[in-house]
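This report describes the fold of one protein chain, from its overall layout down to single residues. The sequence and the structure come first.

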Amino acid sequence: MTNETPRLRRVAEQIQRELADIIRDEIRDPRVGSVTVSGVEVARDLGYARVYMTVLGGDAAVGEEAATVLNRAGGFLRRELGRRVRLRSVPALRFSYDPSFDRGARLSELIDRAVADDDNRDE
């Protein structure tokens, strides 16, 4: 399920932009919070799209709960997406929590700590 062709890549990018707007403006569930759509992978036949998302300031449990809420709202999101995107058929949406931002923040914290320890050792 990779974006192999330029068309699939453009469709995925457009879906990502539109879903970010729809989630920000239309979803009122407090469990969703500040969701960032980090990526979209569209199947070759445009039958479904895997939407990777993360929650700003939340941990993995909050992100998984937000993904569950968004999966339940998938029909609504798909309908709204269909109104904004010109496609013959709008793909079914599957939301997944993307832990890469958490891993990046953790690595950055470890690097900062190692640099601080190294500076303290030099003094």
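The protein has four helices and three strands. The model is a predicted one. Read from the N terminus, the elements follow the order α-β-β-α-α-β-α. The radius of gyration is 18 Å, whereas the globule rule gives 14 Å for 123 residues; the value is well over the rule, so the protein is more spread out than a compact globule. The C-alpha trace spans about 65 × 35 × 20 Å along the principal axes. Of the 123 residues, 34% count as buried. Among contacts with a separation of 6 or more, 63% are between residues 24 or more positions apart.

**The sheet**

The three strands form an open sheet in the order β1-β2-β3, and the pairing is mixed. The edges are taken by β1 (35–42) and β3 (92–97); each has a single partner strand, so one side of each has no neighbour in the sheet. From one strand to the next, the twist averages 30 degrees.

Strands of a sheet can pair in a parallel or an antiparallel way, in both cases through backbone hydrogen bonds. Here β1 and β2 (residues 48–55) run antiparallel and are joined by seven bridges. The pairing of β2 with β3 is parallel and covers six bridges. The table lists residue pairs from these two pairings.

| Residue | Opposite residue | Strand of the opposite residue |
|---|---|---|
| T36 | T54 | β2 |
| V42 | A49 | β2 |
| M53 | Y97 | β3 |

Helix α2 (residues 60–72) lies across β1, β2 and β3, and runs at about 170 degrees to β3.

**The turn between β1 and β2**

β1 and β2 form a hairpin, with five residues between them. L46 is located in the loop that links these two strands. Most residues other than glycine have a negative phi. Is L46 buried or exposed? With a relative accessible area of 11%, L46 is buried, because the limit for that class is under 20%.

**A92 in strand β3**

A92 belongs to strand β3. Its relative accessibility is 26%, so A92 counts as partly exposed. Which residues does A92 touch, apart from its neighbours within four places in sequence? The contacts of A92 are G47, Y48, A49 and R78. G47 is 45 residues from A92 along the chain, yet the C-alpha atoms of the two are separated by 6.2 Å.

**E18 in helix α1**

Helix α1 covers residues 6–26 and includes E18. At 18% relative accessibility, E18 counts as buried. That value falls in the buried class because the cut-off is under 20% relative accessible area. Leaving aside neighbours within four places in sequence, E18 is in contact with L81, R84 and V85.

**Aromatic rings**

A pair of aromatic rings is described by the distance of the centres and the angle of the planes. In this model the count of aromatic pairs is zero, where a pair would need ring centres within 6.5 Å. A ring does take part in a contact of another kind: the charged end of R94 sits over the ring of Y48, 4.1 Å from the ring centre. Y48 is also one of the residues in contact with A92.

Key: Residues numbered from 1 in each chain as written. Predicted model: local features only at pLDDT ≥ 70, side-chain atom pairs only at ≥ 80, totals over all residues. Heavy atoms only, no water. Pairing = 2+ DSSP bridges. Axes fitted to C-alpha atoms, helices over the stretch in contact; angles between N-to-C directions. Contact = heavy atoms within 4.5 Å. Phe/Tyr/Trp six-rings, centres within 6.5 Å; stacked < 30°, edge-to-face > 60°. Lys NZ or Arg CZ within 6 Å of the ring centre and 35° of its normal. Rg over C-alpha atoms; globule rule 2.2 N^0.38 Å. Buried < 20%, exposed > 50% of the residue type's maximum accessible area, 1.4 Å probe, protein only.
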